[in-house]
Amino acid sequence: MIQLTNVSVIKNKKTILKNVSWHVEKGEHWSILGLNGSGKTTLLNVLNGYLHPTTGQVEVFHQLFGKTYLPDLRKRIGLVSASLQQQIQPFESVLSIVLSGKFASIGLWESVEKSDIQLAEHYMELLQCNHLQDKEYGTLSQGERQKVLIARALMAQPELLIFDEPCNGLDIIMREHLLDLINDLSMQKECPTMIYVTHHVEEVLPCFSHTLLLKNGEVFDQGLSEFLFTEDILSTFYDRPVSIQKEQDRTWLALKEIVQHN
Ligand SMILES: Nc1ncnc2c1ncn2[C@@H]1O[C@H](COP(=O)(O)OP(=O)(O)OP(=O)(O)O)[C@@H](O)[C@H]1O
């Protein structure tokens with residue numbers, strides 16, 4: 001699915017990513033965990049081909065960037081991100097937004113078939129947002145918007161689905177509801193390979209069996225989430241002592257000391 005080899009990104013003399021090597025197999029689901037400014041967004045931009053690495057090699061679906069036509073490749077990648085939210089017109093209906101996912105377009109400009117509507121309804125049902133289909137996007141809550149964007153991403157039947165901090169701005173009830181839906185999705189036969197980018201270890205569901213820990217633009221560690229989410233590793237990762245608790249097959253984190261910011 002993904003093969004990054006020694007990828008570095010330098011912008012304005014600042015090294016944003018340094019020698020990132022990462023391999024994702026089809027059917028593996030990965031989380032990318034990192035603090036603010038660790039390089040997560042930059043890494044996603046590299047993956048989507050919006051940013052060319054200064055050095056190193058990127059392959060997605062065995063296609064080497066620089067030797068492949070990126071617009072076609074991007075159609076195989078679903079992205080659920082805040083930047084997408086900002087591009088959607090507030091008056092567009094939920095059904096139209098979900099349908100537009102088939103064409104990876106902002107706005108629905110193509111004619112659709114009955115089978116497209118049926119597929120859109122299937123995904124809206126899966127994401128429990130079919131009751132919203134006639135509503136305007138601008139009237140939806142943040143949680144409802146995220147569900148619609150996931151249904152939209154699935155319409156293109158992507159092979160790779162990237163969630164970029166999907167729980168930002170959600171209260172705990174809506175966060176858990178959205179995570180439940182992502183968990184349900186992971187159990188579907190048609191589930192694409194998923195990448196879940198987050199600041200919060202608590203959000204990493206058991207289906208995200210693998211994790212890439214990104215720190216200051218470098219891979220701090222990577223591998224099976226269950227082996228990485230220990231007090232020792234996470235304390236070094238966060239540069240401060242943390243305690244963890246395992247509940248519902250997830251890892252819940254607390255700082256052992258409150259850090260004073262002056
Ligand atoms: N064009 C640029 N020129 C200089 N520095 C940049 C540029 N783009 C990003 N950076 C810096 O690179 C670092 C990583 O940014 P990035 O947005 O990838 O981090 P992030 O992990 O996504 O952060 P957050 O979680 O806060 O969104 C930041 O310190 C950012 O200021």
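In which crossing, left-handed or right-handed, does α5 pass α6? The crossing is right-handed, a term used when the near helix is turned clockwise from the far one by less than a right angle, anticlockwise being left-handed. This is a predicted model, in which local features need pLDDT of at least 70 and side-chain atom pairs count only at pLDDT 80 or more, while totals for chains, interfaces and linings use all residues. Residues are numbered from 1 along each chain as its sequence is written.

**Packing of α5 and α6**

- Helix α5 spans residues 114–126 and helix α6 residues 142–155 (helices are DSSP runs of H or I, at least four residues, numbered from the N terminus).
- Axes are lines fitted to C-alpha atoms, for helices over the stretch in contact, with angles running from 0 to 180 degrees between N-to-C directions.
- From α5, L119, A120, Y123 and M124 meet A151, L154 and M155 of α6 (contact requires C-beta atoms, placed from the backbone, within 7 Å).

**The two domains**

- The chain is divided into domain 1 (1–76 + 159–230) and domain 2 (92–157), with bounds from an automatic or database domain assignment.
- The C-alpha centres of domain 1 and domain 2 lie 24 Å apart, and their contact takes 10 residues from domain 1 and 10 residues from domain 2.
- On the side of domain 1 that touches domain 2, helix α7 (residues 172–186) gives the most, with four residues.

Terms used:
Helix = DSSP H or I, 4+ residues; strand = E, 2+ residues; numbered from the N terminus. Contact = placed C-beta atoms within 7 Å.
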